[in-house]
Amino acid sequence: MFSILPPRMKILIIDDEKMARENCQMVLSRSGIDNLLVQEADSVPSALKAIDEFNPDLLLLDIQLHDKSGFDILQTIAPRYIPTIFITAYNDFALKAFQVSALDYLLKPFDPSDLTAALLKAHKRIQNDRILEQLDVFRQQLKPAEPKRIVLNTADMLHIVDIHEITHCLADGAYTHFFFTDRKTILVSKTLAHFESIIDNNQFIRTHQSYLVNMRHVTQFDKRNGGFLILPNGVEIPVSTRKKEEVLAHFKANH
């Protein structure tokens with residue numbers, strides 16, 4: 001049976017101050033958001049363990065965690081992206097926080113209404129992203145003969161594109177750039193690993209840590225200097241050493 005809305009949103013509070021975690025718990029309990037499942041962590045190691053086991057949908061993350069930083073957590077789990085609200089006593093990390101796609105940045109002591117507003121905004125975004133992903137999968141299951149399409153959700157628009165129009169994707173931290181045969185580049189705030197998991201891997205190959213390539217658009221494979229693929233517009237895509245055999249095998253199987 002197909003379900004549009006997930007049953008709950010899982011939130012991980014990461015803060016080394018017990019009172020700060022309790023304040024977050026209090027705001028969550030009064031937020032009006034149904035079906036919240038909340039866990040806590042008080043250090044980088046305990047947070048990483050909780051992320052692995054709990055698989056949260058949202059992080060409420062302090063920046064200073066004993067002698068380490070909340071950014072250490074995000075760097076360790078990269079390229080995986082988890083929506084994050086930073087809650088910190090320091091106002092000089094805001095720029096860096098938004099560079100890693102923070103949903104919000106609250107200064108301690110925060111007004112409970114500010115955290116509630118940030119939570120509601122995060123909840124809406126996470127639910128919308130899930131609905132779009134599930135609807136896309138559901139549509140393809142209902143109409144398997146149609147050319148497969150994908151929904152790319154940007155800040156101000158939904159782009160519904162045919163997968164065969166994509167020439168390649170380029171990783172940019174927690175973002176992915178999509179390049180096409182006949183339309184402008186689209187920047188989406190999800191990691192390349194996310195799209196690699198949902199795009200047809202018989203057509204696309206992760207040729208390099210930063211590149212996912214539609215092999216139907218490749219015109220040449222230059223095996224010199226480590227190797228790179230050439231697209232019709234002259235763009236050169238690097239091929240890592242460990243991916244070279246997979247690329248060669250693809251050409252042999254499809255030509």
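What does the accessible surface of the protein chain come to, and what share of it belongs to carbon and sulfur atoms? I got about 14,200 Å² for the accessible surface, with 51% of it belonging to carbon and sulfur atoms. A reminder to myself: this is a predicted model.

**Entry: the whole chain**

I looked up the secondary structure and found seven helices and 17 strands in the protein chain. Of its 255 residues, 44% count as buried. I then took the contacts between residues at least 6 apart in sequence, and 51% of these join residues at least 24 apart.

**Entry: strand 6**

How many residues of strand 6 are buried? I counted five of the five, so strand 6 is largely enclosed by the rest of the structure. I recalled that side chains in a regular strand alternate between the two faces of the sheet. Here both faces are covered, with Thr84, Phe86 and Thr88 on one side and Ile85 and Ile87 on the other.

Next I checked the pairing. Strand 3, residues 58–61, runs parallel to strand 6 and is joined to it by three bridges. In that pairing, leucine 60 stands opposite isoleucine 85. Strand 7 also pairs with strand 6 in the parallel sense, over four bridges. There the bridge partner of phenylalanine 86 is tyrosine 105.

**Entry: aromatic rings**

I searched the whole structure for aromatic pairs and found five. How far apart are the ring centres of phenylalanine 86 and tyrosine 105, and at what angle are their planes? The centres are 6.4 Å apart and the planes are at 40°, so I noted the pair as tilted. Phenylalanine 86 lies in strand 6 (residues 84–88) and tyrosine 105 in strand 7 (residues 104–107), so the pair ties together parts that are 19 residues apart in sequence.

Are these two residues buried or exposed? Phenylalanine 86 has 0% relative accessibility and counts as buried. Tyrosine 105 is buried too, with a relative accessible area of 12%.

**Entry: charges over rings**

I looked for charged side chains over ring faces. The charged end of lysine 10 sits over the ring of phenylalanine 54, at 5.4 Å from the ring centre. Arginine 183 lies over the face of phenylalanine 180, and there I also read 5.4 Å from the ring centre.

**Entry: aspartate 15**

Where does aspartate 15 lie? I found it in the loop between strand 1 (9–14) and helix 1 (18–29). Its relative accessibility is 4%, and because the cut-off for buried is under 20%, aspartate 15 counts as buried.

**Entry: the hairpin of strands 8 and 9**

My last stop was strand 8, residues 149–153. Its covered face holds Ile150 and Leu152, while Arg149, Val151 and Asn153 make up the uncovered one. A hairpin through four residues joins strand 8 to strand 9. The two strands pair in the antiparallel sense over five bridges, with strand 9 spanning residues 158–162. Opposite leucine 152 I found histidine 159 in strand 9.

Key. Residues are numbered from 1 along each chain as its sequence is written. This is a predicted model: local features need pLDDT of at least 70, side-chain atom pairs count only at pLDDT 80 or more; totals for chains, interfaces and linings use all residues. Side-chain values use heavy atoms; hydrogens and water are left out. Buried means under 20% relative accessible area, exposed over 50%, partly exposed in between (1.4 Å probe, protein chains only). Rings of Phe, Tyr and Trp (its six-membered ring) pair if their centres lie within 6.5 Å; planes under 30 degrees apart count as stacked, over 60 as edge-to-face and the rest as tilted. A charge sits over a ring if NZ of Lys or CZ of Arg is within 6 Å of the ring centre and within 35 degrees of the ring normal. Two strands pair if DSSP finds at least two bridges between them. Contact means heavy atoms within 4.5 Å. Accessible areas come from the Shrake-Rupley method with a 1.4 Å probe; for residues, only the protein chains shown count as cover.
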